[in-house]
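Please keep the sequence and the structure in view while reading.

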Amino acid sequence: METLKLTPLHEAHLALGAKMSPFAGFDMPISYSGIVDEHNAVRNAAGVFDVSHMGEVEISGPAAEAFVNHIFTNEVRGMQPGAILYGMMLYPDGGVVDDLLVYRLFSEAPAFLLVINASNIEKDYDWMRAQAEGYDLSLRNRSEQWGQIALQGPDSEKILAEVLGIKEGEPLRFYTFVQTTWRGDPLILSRTGYTGEDGFELYSTPASTRLLWKTLIDAGVKPCGLGCRDTLRFEAGMPLYGHELSEEISPVMAGLSMFCKLDKDEFIGKEALVAQKENGPARRLVGIALEENAVPRAGYPVELEDGTPVGVVTTGYHSLTLDKSLCFALVDSAYAALDTPLWIHIRRHSFRGSVVRKNFYKTNYKK
Amino acid sequence: MSIVKEGLMYSESHEWVRMDGDVAIIGVSDFAQSEMGDITYVDMPDEGDAIEQGEDFGALESVKASSELYAPVSGTVIACNTELEDAPELINKDPYAAWIIKVQVSDKAQLAALMSAAAYAQKVGA
């Protein structure tokens, strides 16, 4: 068995008595005070997450912009320093290598920071290097140099200013960032997150990450683990790579075409997406709300009333905020229309539900 | 540290049994509820269902995971605790008061396979 990687905050998690578990090759905190308590803290006040496991790749040089635009589905040309875009890297067949954020750094010549999923760091970096042949650029995996914490929830802006003394947060709009310093160390302050609430993600050195974390925890900000990170992103309708996006599940199937600019001259996977758009994908990702409280889990079959299988659950919970059993499911396109009745097979019984919009929870972002 | 209540019998899969004549009252242990965390749903059988010792008869759902319930004895389900339909958290609050089903036991000799409170306490390190 491979040794688990540790984030700069590993000792801090153990000291807080976190329930730890392996995730994406890292020993990560799942919860501290309990998933329900942490989930509600983020919805109603604030919480702080260690997300140092996320990967960071820096791309700079004369061909950086052309290269990122070639491997990324969203439109990178014309991005201003401080702008952030969400999108995917695709294989030529439209399958997803990873979903990621692209930061246009504050530099004269275009330079970018690509933030990728922890489980995909090696695969993504190898993929990027293989595509970079012939491009005049520098490509660096900086995942171990950047720590990252996420401060999420409606009180985040206030905590950032009052507890950390960071004044640059207030004017930032959602999906923008600044490069600044905090107590002498470089800091990327980004108004982004994975919870459906307002909040910030702070990228800094490992030492600075430890100090930011300690300062927040000492001030009483609630530590939150990966357990509620998943329940929060799920309610907000956000995909998780490996569940709602994968080598088999394209962004068109997942309903994420708005992040794929098909009017770009080219990007890897564009032709496959255009064909899927024109013909309609065979399967689509939908939301399903159940009438009862039985909980749909990833892998459970989705059926018609007579038991005919038409799909599979990708993520499901009894939603804590909405007090309702909900799931994402990949179903045959014929059954993807809103209000279509569908049944989910949970252990010995089938439970009736219907297709609903995937964004179960109304998000609260800073416009 | 979890509580193991005296006077009950326990299964390897963390169900407890209290006998009332030929009727087994069945719930889950404090250890089981604390491992699960906040319970959000109890999947129960129907009254009249036959259950088999060692086979699953239902499940508990927490936020993160589901956990099957295994029958500590064979028999016929004569009652389900309907209070748990609206208040599954009662199992977290007092797992020994929040029974799940009552079973008319078909073969009391099967009870010999269960553990005493002392043996179970040793198993879960209580």
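## Strand pairing in chain A

The model is predicted. In chain A, strand β15 (residues 301–303) runs antiparallel to strand β18 (residues 341–346), and two bridges link the pair. One residue of this pairing can be located by name: A:E303 has A:W343 in β18(A) as its bridge partner.

Strand β18(A) also pairs with strand β19 (residues 349–356) of chain A, again in the antiparallel sense, over six bridges. Here A:I346 is bridged to A:H349 of β19(A). The two strands β18(A) and β19(A) form a hairpin with two residues between them. In the turn, A:R347 has a positive phi of about 55°.

## Domains of chain A

How is chain A divided by the domain assignment? Domain 1 covers 10–53 + 144–235, domain 2 covers 55–141, and domain 3 covers 282–367. The C-alpha centres of domain 1 and domain 3 of chain A are 30 Å apart. Their contact takes 18 residues from domain 1 of chain A and 18 residues from domain 3 of chain A.

## The interface of domain 1 and domain 3

The size of an interface is often given as the accessible area lost when the parts come together. For domain 1 and domain 3 of chain A, about 1,600 Å² is buried between them, with 60% of it on carbon and sulfur atoms. Which residues of domain 1 of chain A lose the most area to domain 3 of chain A? They are A:F174, A:F234 and A:E235, which together account for 44% of what the domain 1 side buries.

Two salt bridges are found across this interface of chain A. The side chains of A:K366 and A:E170 also meet in a salt bridge, at 3.9 Å from N to O. On the domain 1 side, α2 (35–44) and α7 (226–235) of chain A each supply at least two residues. Helix α7(A) gives the most to that side, with five residues. By class, the residues of the domain 1 side divide into five nonpolar, three polar and 10 charged.

## The interface of chain B and chain A

A further interface lies between the two chains: 17 residues of chain B are in contact with 18 residues of chain A. Chain B and chain A bury about 1,400 Å² between them, and 45% of this area is on carbon and sulfur atoms. In chain B, the residues that lose the most area to chain A are B:Y41, B:V63 and B:K64, together 42% of what the chain B side buries.

How many salt bridges are found across the interface of chain B and chain A? The count is five. The side chains of B:E61 and A:R297 meet in a salt bridge, with 2.6 Å from N to O. Between chain B and chain A there are also nine residue pairs in polar contact.

Three strands of chain B give two or more residues each to the side that touches chain A: β4 (39–43), β6 (56–62) and β7 (66–70). Strand β6(B) provides the largest share of that side, six residues. The chain B side that touches chain A has six nonpolar, four polar and seven charged residues.

How values were computed:
Residues are numbered from 1 along each chain as its sequence is written. Chains are lettered from A and ligands numbered from 1 in the order in which they are written. This is a predicted model: local features need pLDDT of at least 70, side-chain atom pairs count only at pLDDT 80 or more; totals for chains, interfaces and linings use all residues. Side-chain values use heavy atoms; hydrogens and water are left out. Domain bounds come from an automatic or database domain assignment. Contact means heavy atoms within 4.5 Å. Buried area is the accessible area (1.4 Å probe) that two parts lose on being put together, summed over both. A salt bridge is a side-chain nitrogen of Lys or Arg within 4 Å of a carboxyl oxygen of Asp or Glu. Helices (H or I, at least four residues) and strands (E, at least two) are DSSP runs, numbered from the N terminus. Ala, Val, Leu, Ile, Met, Phe, Trp, Tyr, Cys and Pro count as nonpolar, Asp, Glu, Lys and Arg as charged, and the others, Gly among them, as polar. A polar contact is a pair of N or O atoms within 3.5 Å; within protein, one must be able to donate a hydrogen and the other to accept it, and residues adjacent in sequence count only if both atoms are side-chain atoms. Two strands pair if DSSP finds at least two bridges between them.
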